[in-house]
Structures are given as C-alpha cells and as structure tokens.
Amino acid sequence: MASGPVARSESFTIFISEFERLIAEVMEEWKVPGLAVAVVQNGEVAFVRPYGLRDVEAGLKVTADTQFQLMSVSKPFTATGLALLVDRAAHGLEEAGAGIHPGIPAA
C-alpha cells in the first residue's frame with residue numbers, strides 16, 4: 001500500500017491491484033476462508049468485493065450480500081469507532097455517543 005496517507009483528491013482505484021494482493025496475503029497468512037471488503041472514499045463507496053468462501057464444506061462463495069456474524073466482536077468495533085470519533089472531533093465520549101444515535105443520552 002501507499003507509504004503515507006492518500007490525498008483526498010487521489011482515487012482509490014490506483015491502489016486496487018496492490019490492495020487485492022495484500023488481501024490475498026492476509027487471507028493466506030491468517031487462514032481466513034472468506035471475507036468481503038468495502039472502501040468508502042469521500043463519503044462514497046469506491047470499492048466493494050467479496051473474496052473466498054462463506055461455507056468451506058459446501059464450497060459456497062462469499063458474495064457482496066453475505067452477512068457475517070460478528071458475535072461479541074461488535075463491542076470492540078463499536079468502542080474503537082467511538083474512540084476515533086472522540087479523537088478526531090475533540091469531543092468527549094458522551095457527546096460523541098449522543099451524536100451518532102438518538103438512544104444514547106448526552107451527559
């Protein structure tokens with residue numbers, strides 16, 4: 001991938017072949033049977049692609065519509081997302097949470 005941050009005006013498409021090589025390497029190293037990737041750039045979907053199998057025994061491929069179960073992993077994802085909002089927006093945790101979902105009360 002790029003050695004530094006990608007400029008906002010630079011299209012993700014110039015990185016697709018290198019990005020796909022990285023995905024293949026990671027899938028092989030971590031023995032991931034299948035996954036789907038979406039990249040959002042400037043608020044628009046720039047890339048969506050499925051890889052591998054969703055059911056190894058049945059040989060079923062991952063599609064763009066495959067729903068993956070996150071189980072307990074969703075909690076760390078949510079916490080990380082809130083931490084990023086707090087860091088980037090210079091808001092407190094309560095304000096960040098209240099700003100993304102009406103069910104989260106402001107402090």
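1. Start with Tyr51, which sits in strand β2. Residues are numbered from 1 along each chain as its sequence is written, and side-chain values use heavy atoms, with hydrogens and water left out.

2. Is Tyr51 buried or exposed? Tyr51 is buried, because its relative accessible area is 13%. The cut-offs are these: buried means under 20% relative accessible area, exposed means over 50%, and partly exposed is in between (1.4 Å probe, protein chains only).

3. Look at what surrounds Tyr51. Leaving aside neighbours within four places in sequence, Tyr51 is in contact with Glu20, Ile23, Met27, Pro33, Gly34, Leu35, Val37 and Val62. Contact means heavy atoms within 4.5 Å. Tyr51 and Val62 are eleven residues apart in sequence, yet their C-alpha atoms are 6.0 Å apart in space. With Glu20 there is also a polar contact, side chain to side chain, at 2.9 Å. A polar contact is a pair of N or O atoms within 3.5 Å; within protein, one must be able to donate a hydrogen and the other to accept it, and residues adjacent in sequence count only if both atoms are side-chain atoms.

4. Tyr51 also belongs to the largest nonpolar core. That core has ten residues in all: Phe12, Phe15, Ile16, Phe19, Ile23, Met27, Val37, Val39, Phe47 and Tyr51. A nonpolar core is a set of buried Ala, Val, Leu, Ile, Met, Phe, Trp, Tyr and Cys residues joined through side-chain atoms within 4.5 Å. Which elements give two or more residues to this core? They are α1, β1 and β2. Helix α1 gives the most, with four residues.

5. Now step back to the whole chain. The protein chain has three helices and three strands. Along the sequence they follow the pattern α-β-β-β-α-α. Of the 107 residues, 16% are buried. Among contacts between residues at least 6 apart in sequence, 26% join residues at least 24 apart.

6. The three strands form an open sheet in the order β1-β2-β3, with antiparallel pairing. β1 (34–41) and β3 (60–61) stand at the edges, each with a single partner strand, so one side of each has no neighbour in the sheet. Two strands pair if DSSP finds at least two bridges between them. In general, strands of a sheet pair through backbone hydrogen bonds, either parallel or antiparallel.

7. Check the two pairings. Eight bridges join β1 to β2; one partner pair is Gln41 and Glu44, the latter in β2. Two bridges join β2 (residues 44–55) to β3. Here Leu53 stands opposite Lys61 in β3.

8. Helix α1 (residues 16–30) lies across β1 and β2, and runs at about 30° to β2. For such angles, axes are lines fitted to C-alpha atoms, for helices over the stretch in contact, and angles run from 0 to 180 degrees between N-to-C directions.

9. Two loop residues deserve a look. Lys31, in the loop between α1 and β1, has a positive phi near 55° and is not glycine. Lys31 counts as exposed because its relative accessibility is 69%. Asn42 lies in the loop between β1 and β2. In that hairpin, which has two residues between the strands, Asn42 takes a positive phi near 55°. At 47% relative accessibility, Asn42 counts as partly exposed.

10. Thr66 is in the loop between β3 and α2 (74–89). Thr66 is buried, with a relative accessible area of 15%. A polar atom of its side chain lies 2.8 Å from the backbone nitrogen of Thr63. Beyond neighbours within four places in sequence, Thr66 is in contact with Arg54 and Lys61.

11. Finally, confidence. pLDDT is the predictor's confidence in each residue, from 0 to 100. The chain averages 79, and 73% of the residues score at least 70. Confidence is highest in β3, at 97, and lowest in helix α3 (residues 93–100), at a mean of 58. Over residues 1–7 the pLDDT is below 50, and this stretch has five contacts in the model beyond near neighbours in sequence. Where pLDDT is low, the predicted coordinates should not be read in detail.

Terms used:
This is a predicted model: local features need pLDDT of at least 70, side-chain atom pairs count only at pLDDT 80 or more; totals for chains, interfaces and linings use all residues.
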